[in-house]
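Visitor: I am new to this structure. Please take me through one part closely, then show me what surrounds it.

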Amino acid sequence: MDNEQNKKNGAPATKVKLRLDVKDVVRKRTEPEKSDDINGISVLYEDNHLLVVLKPQNVPSQGDSSGDEDMLTKLKKYLAEKYNKPGEAYLGLVHRLDRPTGGVMVFAKTSKAASRLCDQIRDLDSEFEKTYLAVVAGRPSRTGKIVHYLVKDEKANIVTVAPSSLDGAKKAEADIKILDENDGLSLVSVNLVTGRSHQARAQLKALSSPIVGDVKYAGDRLVKSPHLALWAYKLVLTHPVTGEKLKFLAMPPDEFPWNRFDVEALVDIVRPQDSGHYN
């Protein structure tokens, strides 16, 4: 039975193939750290306009009330030291990952790159794409295109699903696929069309499948794990200056619950041949 028939029957697809071009950067779970890793942060790609890194879990994207050192501060220090820049180096934060979420992030090294990347993110028809992997309790009650309306309680820092007519409710859209199931857990991919706060966590909870390790949203369905099982594994963008399409992929850490699944086999990376043609 092929994947399309599986979808119709509600069964998980067995494999997702990602075609990559010459500009793709892939970080596997077993790959040794690069020499340009800084303070535990892996640099995937850097040029005069972009800095693409792996954000560790439990590190804030930017400064918050905790006072803990954040990604933006760490990377500004890295740039100042690497290029011997006096004062504070410029670095534009164009998107965020929640503190407990790890994975691929892009930063802009110039104001022009920052502006153009922000335009891509706002334009739902652009090629900018953020895709997450998550391990959830049970299986989502629905898959495919999922639309909710979300409201945020700023004091409690929690997001809930609400009627679209409620004041302050914001549309949240995602494409959710089940990749595999094992021992009461499901490995899912979540392609966020919109970028609402805690969107993947709130939407998966609303689908009766909270993310493993999510103490904020799982309630009595909490499955304990070392970290929140949500990982930004794929980022696609158009280079803000050259116009080239870039893809960056990185596998989640080799720990529970990720190690209950053969993630690298399920997310099949098809590498190009030297001639530039695919198998």
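Which residues of α4 are buried?

Guide: Q199, A200, R201, A202, Q203 and L204 are buried in α4. Buried means under 20% relative accessible area, exposed means over 50%, and partly exposed lies in between, with a 1.4 Å probe and protein chains only. A word on the source: this is a predicted model, where local features need pLDDT of at least 70, side-chain atom pairs count only at pLDDT 80 or more, and totals for chains, interfaces and linings use all residues. Residues are numbered from 1 along each chain as its sequence is written, and side-chain values use heavy atoms, with hydrogens and water left out.

Back to the helix. α4 spans residues 199-206 and is mostly covered, with 6 of its 8 residues buried. Helices (H or I, at least four residues) and strands (E, at least two) are DSSP runs, numbered from the N terminus. What do the buried residues of α4 pack against? Their partners are strands β7 (129-137), β8 (144-153), β9 (158-161), β10 (170-182), β11 (185-192) and β12 (230-238). Contact here means heavy atoms within 4.5 Å. After α4 comes S208, with a positive phi near 65°.

E129 pairs with K234, and their closest N and O atoms are 3.3 Å apart. The pair links distant parts of the chain: E129 sits in strand β7 and K234 in strand β12, 105 residues apart. E129 counts as partly exposed, at 23% relative accessibility. K234 is buried, because its relative accessible area is 11%. A salt bridge is a side-chain nitrogen of Lys or Arg within 4 Å of a carboxyl oxygen of Asp or Glu. The structure holds 16 of them.

Now step to the loop between α3 and β7. E127 lies there, while its partner K245 lies in strand β13 (residues 245-250), so this pair ties together parts 118 residues apart in sequence. The closest N and O atoms of K245 and E127 are 4.0 Å apart. K245 is partly exposed, with a relative accessible area of 33%. E127 is partly exposed too, with 43%.

Helix α3 (residues 111-122) has a pair of its own. D119 and R122 both lie in α3, 3 residues apart, about one turn of the helix. An α-helix has 3.6 residues a turn, so residues three or four places apart point the same way. D119 forms a salt bridge with R122, and their closest N and O atoms are 2.6 Å apart. D119 is partly exposed at 40% relative accessibility. R122 is exposed at 58%.

Some loops deserve a look as well. P257 is in the loop between β13 and α5 (263-266). N58 is not a glycine, yet its phi is positive, about 70°. N58 sits in the loop between β4 (50-55) and α2 (71-82), and is partly exposed with a relative accessible area of 42%. N84 is also a residue other than glycine with a positive phi, near 50°. The place of N84 is the loop between α2 and β5 (92-93). N84 is exposed, with a relative accessible area of 68%.
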